[in-house]
Amino acid sequence: MSPGRRIRHYRMLRGMTQKALGVAVGFPESSADVRIAQYESGARTPKRELLCQLAAPLGVSPSQLTVPVSYTHLRAHE
């Protein structure tokens, strides 16, 4: 799963809008939702620093937004 899809996944789990997440990491309110939408769609790739900033309001570690989870790892926890 790409970082953008992970951002969307955790944002939806938290019940946050794209605008709320964007504002939480310091984007201007007028463009916060557009910026998050660009990352989630893959139009832009967030740099490591931004991934760290996004992780906090999403309640996850930065690695949860970037490190691929293997299928076997998921199966081991069922």
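1. P62 counts as partly exposed, because its relative accessibility is 23%. The classes are set on relative accessible area: buried is under 20%, exposed is over 50%, and partly exposed is in between (1.4 Å probe, protein chains only). This is a predicted model, in which local features need pLDDT of at least 70 and side-chain atom pairs count only at pLDDT 80 or more, while totals for chains, interfaces and linings use all residues. Residues are numbered from 1 along each chain as its sequence is written, and side-chain values use heavy atoms, with hydrogens and water left out.

2. P62 sits in helix α5, residues 62-66. Helices here are DSSP runs (H or I, at least four residues), numbered from the N terminus. Leaving aside neighbours within four places in sequence, P62 is in contact with R48, C52 and A55. Contact means heavy atoms within 4.5 Å.

3. Helix α4 spans residues 48-58, and its buried residues are L50, L51, L54, A55 and L58. Seen down the axis of α4, these fall within an arc of 145°, so they line one face of the helix. The arc is taken from the directions from the helix axis to the C-beta atoms. The cover over this buried set includes α1 (3-13), α2, α3 and α5. On the face turned away from the buried side, α4 carries the exposed residues E49 and A56.

4. Just after α4, G59 takes a positive phi of about 75°.

5. L13 belongs to helix α1. L13 counts as exposed, because its relative accessibility is 54%. L13 and L58 are 45 residues apart in sequence, yet 8.6 Å apart in space, C-alpha to C-alpha.

6. The structure holds 1 aromatic pair. F27 and Y39 form it, stacked, at 6.5 Å centre to centre and 20° between the planes. F27 lies in the loop between α2 (18-24) and α3 (32-41) and Y39 in helix α3, so the pair ties together parts 12 residues apart in sequence. Rings of Phe, Tyr and Trp (its six-membered ring) pair if their centres lie within 6.5 Å; planes under 30 degrees apart count as stacked, over 60 as edge-to-face and the rest as tilted.

7. Both partners are buried: F27 at 12% relative accessibility, Y39 at 6%. The charged end of R35 sits over the ring of F27, 4.1 Å from its centre. That call requires NZ of Lys or CZ of Arg within 6 Å of the ring centre and within 35 degrees of the ring normal.

Definitions and conventions: Helices (H or I, at least four residues) and strands (E, at least two) are DSSP runs, numbered from the N terminus.
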